[in-house]
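Welcome, and please open your viewer. We will go from stop to stop, selecting one part at a time.

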Amino acid sequence: MFPFVFEWHWDTAHLVFHGGLWYALSILGLGVGYCVAKALYDTFLNHDDHHDHGGHH
Amino acid sequence: MDSALIPEGVKRCPLPLFILGVLAVGAVLLWGVYAMLLCWIKGLNQTNMNDYYGFALWIWADLAVIALGGGAFFTGLLRYLVGKDELKNIINFAVVIGFICYSSALLILAIDIGQPLRGWFIFWHANVHSMLTEVAFCLSCYFAVLTIEFVPLVLEQRQLNKVTFFHHLGHNMHEIMAVFAATGAFLSFFHQGSLGGVAGVLYGRPFAFRESLLVWPSTFFLFTWSAAACGPCFTILVTKITEAITRKKLVGDPAIHTLAKISGWMILTYIMAKTIDTVYWALVTAPEGGFTLGQFYSHNAFYGYWILIAEVIVGGLIPALILISEKGRNNPRMLVLAAVLACVGISINRWVMVLQVMAVPVMPFDTWQLYIPSWQEVATTILPVAYGVLLIAFAHRYLPVFPQEKELNP
């Protein structure tokens, strides 16, 4: 739910619940967006060497 | 035939044998899918839920699987935020197990709501006074975190890793994994806690109702604590089962023992807190509601005192004592025994908090209610197990899940 829809109320409960949701989604979205953008940059512009990084470090 | 897909330097069973195993487990999976479709197409009348039991068997399974999957967030927390470097050898598998557990939990919820196409209602028409809304928000976000943690592992698959973009993407995701792990720990704290909070705020159900610490009932903290404590035991247990089936050592002892030791101390402190909570509830909270402890246990053999002893002593204290002792966790049989007992203990805890809560009579004219799940409920509860076995089988065969496998099996 977004603040511009009719069901929204500017109260603590809505701000805490939805604020927490948007906060978490923002971090995840920005994090993944950064990884994809940097991977595109490395692939097409940086032409970095293809290293093998092994496991989940 | 599929050797080009298998990680370099490791051996796997012949493809026909693998396919045979997949088909056997796949049959169980299809049985569960059939039952799931019955629940969706014909409705929840396929279950034995009634006015007493609004939570079916699969809600117990849901809570249990979420608790057991807690090993992913706690191992991630220890690895990326606390800096326990030896856990790098088991973190991949912890993520795979967590991914299975949380995707299973979401699948169970999709069955439970009856009309999965309306699942998005909880986000758009959110009841912001409900702890279950917090659970739904955090659970789905944390599943997104687990997916993000799982993706690099898939991208490291031998053939996929040859694609330059995938290679860079996987590497970049590893680089900032601490950010995702921290977000996951935050989300897990709240959704595990809120699942316990749901039970604790049921003031009409005196078996579950608890006093609050700040705005949260004590069950909020006990659920988070118990998941962090017992989740790693499930990771260890599944690792040992996988090692037994594949007849290979997959994770080195330092990683297992570190996780076991931390888990042991976490279980011990959790059981102490749980005992204090139970004693306070039995001596203060329940009597204030007009109940004695005997009314919650002794009138029904199925929910007798044995269940409390099984949860706290057998499934809590004993595994804790085994795991905190160096001799205990260094003994392979004792280690597995402790892991099994801890997993059973936490499953009993979720069982009583979901089903015993509703079995206890709360009105003078009520009697103890027993619950026998329908075959559809049993099949849909077994469904995630079959799915988990398949995902682990495919992950083990084709993905570099165990970084130490080559050196441990020269």
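Start where the two chains meet: between chain A and chain B there are three residue pairs in polar contact, both at pLDDT 80 or more (a polar contact is a pair of N or O atoms within 3.5 Å; within protein, one must be able to donate a hydrogen and the other to accept it, and residues adjacent in sequence count only if both atoms are side-chain atoms). On the side of chain A that touches chain B, the residues divide into 16 nonpolar, 11 polar and six charged (Ala, Val, Leu, Ile, Met, Phe, Trp, Tyr, Cys and Pro count as nonpolar, Asp, Glu, Lys and Arg as charged, and the others, Gly among them, as polar).

A word on what you are viewing: this is a predicted model, where local features need pLDDT of at least 70, side-chain atom pairs count only at pLDDT 80 or more, and totals for chains, interfaces and linings use all residues. Residues are numbered from 1 along each chain as its sequence is written, chains are lettered from A and ligands numbered from 1 in the order in which they are written, and side-chain values use heavy atoms, leaving out hydrogens and water.

Stay at the interface and look for salt bridges: the rule finds zero across it (a side-chain nitrogen of Lys or Arg within 4 Å of a carboxyl oxygen of Asp or Glu).

Next, select residues 164-175 of chain B, which form helix 7 (helices are DSSP runs of H or I, at least four residues, and strands are runs of E, at least two, numbered from the N terminus). Its buried residues include B:H167, B:L169 and B:M173 (buried is under 20% relative accessible area, exposed over 50%, partly exposed in between, with a 1.4 Å probe and protein chains only). They pack against helix 1 (12-46) of chain A, together with helix 6 (131-155) and helix 8 (177-200) of chain B.

Now pick B:H174, also in helix 7 of chain B. Which side chain does the side chain of B:H174 meet in a polar contact? The partner is B:E156, at 2.6 Å.

Move on to B:D277 and B:R210, a salt bridge with its closest N and O atoms 2.9 Å apart. This pair links distant parts of the chain, with B:D277 in helix 10 (residues 253-288) and B:R210 in the loop between helix 8 and strand 1 (212-213) of chain B. B:D277 is buried at 10%, and B:R210 is buried at 6%.

For a last stop, select B:R12, B:K248 and B:E405, which are linked in a network of salt bridges.

Definitions and conventions:
The expected span of a helix is 1.5 Å times one less than its number of residues. Contact means heavy atoms within 4.5 Å.
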